[in-house]
Amino acid sequence: MPELTERSAGAIRIAPRAGIVIAMAAFLGLVAFFWPFLVAPGRLGANYAPPLIFGVLLVLVLCVVISEIAEGGINSKALAMLGVLSAVNAALRPLGAGTAGIETVFFVLVLAGRVYGPGFGFTLGCTSLFASALITGGVGPWMPYQMFGCAFVGMLAGLLPRATGRLEVMMLAVYGSLSGYLFGFLLNLSFWPFSLDPNSSIAYLPGLPFTEQWQRYLAFDVATSLGWDTGRAVTNFVCITLAGPAVLTTFRRAARKARFRAPVRFAAPKAEEPGSGGPDRPGPSVVPPSAHRNSHDGRTI
């Protein structure tokens, strides 16, 4: 049972305040993705709502990191791990992105979220895509969507149920495959309202009922990105199946050595041994000079 707990529980605890900030950021992230279904025309300025939400989300990402550092959810060791894995993901992403939907960034994100917990996975998704955008020049209005799409993938990986051994690897592989479709489904929302002629049967039309709008979007998602998302899903499944056991072992060994979840105990001071001369115990007994043992008959005089 201790092994099961170690394998399933996140290695990095998230303090309550940091958890609240992450929940708020995730909620506003969902609002940012699904704003076409939530913002009615003529209210809040539908054309300007997404940029405003992007700004709020980027500020909240910064608040997540600062809050976790302040609350101890991410200490110096966890912050170093976050930086290393963000750099690894930023370096892996250009190796696959752009070829038939093959993207190599997600399997590390899924495995790290599984081992280090949902809060770490959420933050890693944001920082990985931010670092990758700076390296590849992919900064643009789509970047906040990509950051939060990956953040949801890492967070949900940390919330998966307990499992061990091959069952855990298979569960993560299936989740990685599904997350490939989930990421594409969410990212399409970022450009769907602006990408098609309004006369198209799958275009976004403000003012339509939710059910009809939803059907239009599902048709748009299937028609434009299902093949690309399938490439991402297959890549995630294969990478996690082949490299998952070794990467999980490496991450957990690093977590044990770093002792992210080591409890803090205050030990009572050790009792001093007799004859040590401490304040609570008498020092060594001294025989007064007048009392000495007669060497001939053994009497003390």
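Q: Why are α6 and α11 called oblique to each other?
A: The axes of α6 (residues 106–116) and α11 (residues 210–258) cross at roughly 40° and come within 8 Å. Angles under 35 degrees count as roughly parallel, over 145 as roughly antiparallel, 65 to 115 as roughly perpendicular and the rest as oblique; α6 and α11 are therefore oblique. The model is predicted: local features need pLDDT of at least 70 and side-chain atom pairs 80 or more, while totals for chains, interfaces and linings use all residues. Residues are numbered from 1 along each chain as its sequence is written, and side-chain values use heavy atoms, without hydrogens and water.

Q: What makes the contact of α6 with α11 nonpolar, polar or charged?
A: Residues that meet (heavy atoms within 4.5 Å) include Phe106 and Tyr116 in α6, and Ile240 and Phe251 in α11. Ala, Val, Leu, Ile, Met, Phe, Trp, Tyr, Cys and Pro count as nonpolar, Asp, Glu, Lys and Arg as charged, and the others as polar. By these classes the contact of α6 with α11 has 16 nonpolar, two polar and three charged residues.

Q: Why are α2 and α8 called oblique?
A: The axes of α2 (16–33) and α8 (143–158) come within 10 Å and cross at roughly 125°, and the two helices are therefore oblique to each other.

Q: Which residues of α2 and α8 meet, and how do their classes divide?
A: Among them are Ile22 and Phe33 in α2, and Tyr145 and Met155 in α8. The contact of α2 with α8 has ten nonpolar, two polar and no charged residues.

How values were computed. Axes fitted to C-alpha atoms, helices over the stretch in contact; angles between N-to-C directions. Helix = DSSP H or I, 4+ residues; strand = E, 2+ residues; numbered from the N terminus.
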